[in-house]
Amino acid sequence: VISKLERRTVAYHESGHAVAGWFLEHAEPLLKVTIVPRGTAALGFAQYVPNENLLMTKEQLFDMTCMTLGGRAAEEVLIGRISTGAQNDLEKVTKMTYAQVAVYGFSEKVGLLSFPQRDDGFEMTKPYSNQTASIIDDEVREWVGKAYKKTVELITEHKEQVAKIAEMLLEKEVLHQDDLVRVLGERPFKASEPTNYDLFKQGFQDEEDSKNQEAAKTPQPDDDGTPSLA
């Protein structure tokens, strides 16, 4: 059974993810967040706008890293202590950042080289020197450090909103995007072309309009229960 303290920590952790993603231009915003446990593996859960991009830029991956660190940052800034709740987030950030440095060629220090990991995990020797391995490790630590610094600054700037979302989660247990809009307002970004978020909202609106049109076409029964032919 989850304790009140753990439940509060989960609420602030998930709120940190939600608020960070909302105010990071290249992150996909949240659709739904809950603090209803799903077994012992996931004490909270957040669902985001599906990312349908075929390519990812360095800026997009940086903002995604910051959003993923939003839970740990919220714990540090608003609760004043950190928990093991960010373990899965840190695993994602580590893999994402190593890929940028050692696979995608985003690091100037490593250069235009790519060292993808084998899927079977049976690679006995690394195709680069110990010196290169050290450079990769240093780059990853530096990049994650920069991302966390930005995330802490963002959470600190919006800490009142993080707290409000967290308290709403403690009360309702499940929040949807409309709840975030009421607290945070619309996202403060204007793109030159529709984003995944814009396309999702438009698709949802089109679906609602279609339902309303179908409902309007359906004959309504008269008082005696027979359909009206109008």
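Student: Which residues is S15 in contact with, leaving aside its neighbours within four places in sequence?

Tutor: In this predicted model, S15 is in contact (heavy atoms within 4.5 Å) with Q161, V162, I165, A166 and L169. Residues are numbered from 1 along each chain as its sequence is written. Local features need pLDDT of at least 70 and side-chain atom pairs count only at pLDDT 80 or more, while totals for chains, interfaces and linings use all residues; side-chain values use heavy atoms, without hydrogens and water.

Student: Why is S15 called buried?

Tutor: Buried means under 20% relative accessible area, exposed over 50%, and partly exposed in between, with a 1.4 Å probe and protein chains only. The relative accessible area of S15 is 0%, so S15 is buried.

Student: What is F106 called at 22% relative accessibility?

Tutor: At 22%, F106 counts as partly exposed.

Student: What makes the aromatic pair of Y104 and F106 tilted?

Tutor: Rings of Phe, Tyr and Trp (its six-membered ring) pair if their centres lie within 6.5 Å; planes under 30 degrees apart count as stacked, over 60 as edge-to-face and the rest as tilted. There are two aromatic pairs by this rule. Y104 and F106 lie 5.9 Å centre to centre with 50° between the planes, a tilted pair.

Student: How do you know that strand 1 and strand 3 pair?

Tutor: Two strands pair if DSSP finds at least two bridges between them. Strand 1 (residues 30-34) and strand 3 are joined by three bridges and run antiparallel. Strands (E, at least two residues) are DSSP runs, numbered from the N terminus. Within strand 3, L175 stands opposite V33.

Key
Helices (H or I, at least four residues) and strands (E, at least two) are DSSP runs, numbered from the N terminus.
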